[in-house]
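Here is a friendly briefing to read alongside the model. Take a look at the sequence and structure first, and then we can walk through the contacts by topic.

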Amino acid sequence: MSKIGALLRRTFGIAKQHMGTDTFGNKYYYIPEQKTWTGRTIRAKRLVEPVNAKEYEYQEGSIPSEWDAWIRGRRKIPPTIEELLKNERYREQVKFLAKEVEEKEMLIQANEYEEGLVARPAQTQIKGHASAPHYREEQLSAEPSSTANTFQPGSWTPPKDQSTKA
C-alpha cells in the first residue's frame, strides 16, 4: 500500500480518504501518515472541505460538533449520519424545553410583581458615564484653567475675596 500511496502522491498529489459528509454538505477527509522520499514522516491529517469555501460566508455552527471533535482528534471514529440526526433532535428538544421553562419563569415573575411579593426593578436613567469628562455638573472654580497654547499673559485676575482687604 505504501508504494501505491507514494505513486498516487507523486502523480496526483496527496491521497486523501473521504470519511463522510455532514447534513450541511461539508466533506471530511483523512490523509494518512506519509513518508517523503527523504525519509521524513508527515503525520496524519484530518480536514474539511466546507460547502462555503469563502471565509466570509462561514457562520458559527456550520460544522457539527461531532465532526469538529473528529477533526480535532477528540474522537477516533467519524460520526455517522444516524448519530448526527439523533443529536440534532436532542438539541432541538433541549431548546424547546428551555423556552418552555423561560416562559413559565416569566409568568411566575409577573404574578409575583402583581401580588407585591417582589419589588419591580428600579428604572433609573444614568446621564453620562463615570469615565466621561462631563459626568457631574461643572462647578466654576477660581483657579485658572488654561492650556499653554491658549494662555494670554494678564488675561486672568484673581477673584476679589471679601476676607482680604486691598
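This is a predicted model: local features need pLDDT of at least 70, side-chain atom pairs count only at pLDDT 80 or more; totals for chains, interfaces and linings use all residues.

Residues are numbered from 1 along each chain as its sequence is written, and side-chain values use heavy atoms, with hydrogens and water left out.

**Arg 91 and its surroundings**

- Arg 91 is partly exposed, at a relative accessible area of 30%; buried means under 20% relative accessible area, exposed over 50%, and partly exposed in between (1.4 Å probe, protein chains only).
- If neighbours within four places in sequence are set aside, Arg 91 is in contact with Ser 65 and Glu 66, contact meaning heavy atoms within 4.5 Å.
- Arg 91 also forms a salt bridge with Glu 88, with 3.3 Å between the closest N and O atoms; the term stands for a side-chain nitrogen of Lys or Arg within 4 Å of a carboxyl oxygen of Asp or Glu.
- Both Glu 88 and Arg 91 belong to helix H3 (residues 81-115), and they are three residues apart, about one turn of the helix.
- Glu 88 counts as partly exposed, with 38% relative accessibility.
- Salt bridges with shared partners join Glu 66, Glu 88 and Arg 91 into one network.

**Other salt bridges**

- Side chains of opposite charge can pair when their charged atoms come close.
- How many salt bridges does the structure hold? There are seven salt bridges.
- One of them is between Glu 49 and Lys 16, whose closest N and O atoms are 2.7 Å apart.
- That pair links distant parts of the chain, 33 residues apart: Glu 49 is in strand E5 (residues 45-49), and Lys 16 is in the loop between helix H1 (2-12) and strand E1 (17-21).
- Glu 49 is partly exposed at a relative accessible area of 33%, and Lys 16 is partly exposed at 38% relative accessibility.
- Arg 75 and Glu 83 also meet through their side chains in a salt bridge (3.0 Å, N to O).
- Glu 83 is partly exposed, its relative accessible area being 26%.

**Aromatic pairs**

- Rings of Phe, Tyr and Trp (its six-membered ring) pair if their centres lie within 6.5 Å; planes under 30 degrees apart count as stacked, over 60 as edge-to-face and the rest as tilted.
- By this rule there are two aromatic pairs.
- Tyr 28 and Trp 67 form a stacked pair, 4.0 Å centre to centre with 5° between the planes.
- This pair links distant parts of the chain, with Tyr 28 in strand E2 (residues 27-31) and Trp 67 in helix H2 (residues 65-71), 39 residues apart.
- Tyr 28 is buried at a relative accessible area of 0%, and Trp 67 is buried at 1%.
- Trp 67 and Trp 70 form an edge-to-face pair, 5.6 Å centre to centre with 85° between the planes.
- Trp 67 and Trp 70 are separated by about one helical turn because they are three residues apart in helix H2.
- Trp 70 counts as buried too, at 1% relative accessibility.
- Ring pairs link Tyr 28, Trp 67 and Trp 70 into a cluster.

**The sheet**

- Strands of a sheet pair through backbone hydrogen bonds, either parallel or antiparallel.
- In which order do the three strands of the open sheet stand? The order is E1-E2-E5, with antiparallel pairing; two strands pair if DSSP finds at least two bridges between them.
- E1 and E5 stand at the edges with a single partner strand each, so one side of each is left without a neighbour in the sheet.
- From one strand to the next, the twist averages 25°; axes are lines fitted to C-alpha atoms, for helices over the stretch in contact, and angles run from 0 to 180 degrees between N-to-C directions.
- E1 and E2 run antiparallel and are joined by four bridges.
- Gln 17 has Tyr 30 as its bridge partner in E2, while Gly 20 has Tyr 28.
- The hairpin of E1 and E2 has five residues between the strands, and Gly 25 takes a positive phi near 105° there.

Methods
Helices (H or I, at least four residues) and strands (E, at least two) are DSSP runs, numbered from the N terminus.
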